[in-house]
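User: I'd like to go through this one piece by piece. Can you take my questions as they come?

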Amino acid sequence: MGASSLSPSIASVPTSRLLPIHTPRSAAAEWTTTGNSPAATEEEEPVTPTARLMEAIYIVVTIGLGSPVNLPVFSAGVAAELARFPRFRSIQVIDGDESKDGNNPRWARTAVNVEDHMIVPTLNPAAVKADPDRAVEDYVASVYTLPMDYSRPLWEFHFLDFPTSEASSTVVLRVHHSLGDGMSLITLLLASARSAADPTRLPTLPEQPARTGAIYAPRRRDRTSAGALAAFIRWIWLYLVLAWNTMVDVSFFAATTVFLRDPCTPFRRAEGDVSFNPRRRFVHRSLSLDDVKFVKNAMNCTVNDVLVGATSAALSRYYFRKSGGINTYRTWLRSVLVVNTRPTASLQIYASMIESGKSNDVAWGNQLGYILLPFHLAMHDDPLTYVRKAKMTVDRKKSSLEAIFTCKISEVLVKMFGLKAGAFIFRRMFANTTISFSNMVGPTEKIEMCGHPVVFIAPSVYGVPQALIVHYQSYDNTIKVVLSVDEEIFPDYSQLLDDFVESFRLIKDAASRLSGSIKK
């Protein structure tokens, strides 16, 4: 059953089912750029160079709800929270000569009518009844074909009000990537949500170490423990290693944008095919967060190390089955690991920003750096080998300022040579690598969003030329592995998703045996 059997019809949304929400005249000064708005002097912000590179990229967040959709309640919640955020009530406008590579784009406030952003498609009832899970998957796959009105802020909610195997109903949020990166948008969603256990407070997030711009800078040790001279020598050595690794990584990044291309594998599109909008599927599966932490503790590593190792194992499993290669044959591919370079901000700061309608306290927008993370494809007898190798690779990348340099380089290139030059390098980076990878931290408890209990959160993106994009999103006691796949390259994408689940199971079982042997 294909997506065409669903017959989504956006034009058939019955306005009688929507709650008309219009901005009160007393609040119009805060919500619009017209007339004598007192906010007019602070509302216009330049579009950052990184955001300008996101012209064709959209974020898609599939949210499973634990109750049927109450559209008036959900719409009122969006109006009271998300729609108050400055970027969610702004559009891009251009100053100066448009022929000069889109000169001086900026964000300008505009009036927001929330019902324009609430979409209730009409689906094929027979398809929904026959397989509701497939009906949701088909509709989410069709979202990228639906146009967005650039005269309005570029975000919208799609409501699929029927039960699936995981949720009572489903909401799909589509946001243009220029509004912000995935981490900032997920954090904004959580700041507009509330704890299910106590709706008066914000959700609880796991503690994150405070970060500054130099997120990978080595720390000094206590000089009294090893002597001042030894500590000083070690400090100098660590910074020399940091400088060397950064130079090597940035050089490889530059080579990738020019000529260095990943080898041909079943994960890549054909040579020369860099289509930004292939037919995509968005599929996801849940892993136990407790199991991931168990492996982390058993291997004395991080959650990210475990997820990188599980991804390497899954890709290897799929590769050797598809290619028919023998177990001793090894190859490699590279992932673009997207890194959030902004300083850590609490949910309370985001909530205050929504309440005030100002983003002064938060470094907003797309503040992304990129790390080229290698994955070595091989079949290991011990599944924990994937985690060990992942830890070595990730630790090596931590001793580098690659993410910061790639973030700044992209901004400088756009400022100096214009959008076309920046876009060329941006496209080449994705076209010459194989996959994208990200891991985002979510709340440690169940939450409610706009008056509806949330069962799962599954973010992804479309608009990049890579055939496979891997996202991990934690929520409560689970981690969602979310795949955005090119259906032409991965007609068996369900099998690929099964490989992720099975690979992690094997890693967890091996960690259990390791822990058992240590206790004995």
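User: Is C264 buried or exposed?
Analyst: First, a caveat: this is a predicted model, where local features need pLDDT of at least 70, side-chain atom pairs count only at pLDDT 80 or more, and totals for chains, interfaces and linings use all residues. Residues are numbered from 1 along each chain as its sequence is written, and side-chain values use heavy atoms, with hydrogens and water left out. Buried means under 20% relative accessible area, exposed over 50%, and partly exposed is in between (1.4 Å probe, protein chains only). C264 has 75% relative accessibility, so it counts as exposed.

User: And what is the relative accessible area of C407?
Analyst: C407 falls in the buried class. Its relative accessible area is 3%.

User: How many disulfides turn up in the whole structure?
Analyst: A disulfide is a covalent bond between the sulfur atoms of two cysteines. Here the criterion is a pair of cysteine sulfur atoms within 2.5 Å. Searching the whole structure with it, the number of disulfides is zero.

User: Why is strand β10 largely enclosed by the rest of the structure?
Analyst: Strands here are DSSP runs (E, at least two residues) and helices are too (H or I, at least four), numbered from the N terminus. β10 covers residues 331-340. It is largely enclosed because, of its 10 residues, the number buried is eight.

User: Which residue of β12 is the bridge partner of V336?
Analyst: Two strands pair if DSSP finds at least two bridges between them. β10 runs antiparallel to β11 (residues 368-377), with 10 bridges, and there V336 stands opposite L372. β10 also runs parallel to β12 (residues 435-440), with three bridges. In β12, the partner of V336 is S436.

User: Which strands are at the edges of the seven-stranded open sheet?
Analyst: The order in that sheet is β5-β6-β7-β2-β14-β13-β8, with mixed pairing. An edge strand pairs on one side only, and that holds for β5 (118-119) and β8 (194-195).

User: Why are the buried residues of α10 on the same side, and how wide is their arc?
Analyst: In helix α10 (residues 289-299) the buried residues are L289, V292, V295 and M299. The arc is taken from the directions from the helix axis to the C-beta atoms. They sit on the same side of α10 because their arc is only 120 degrees.
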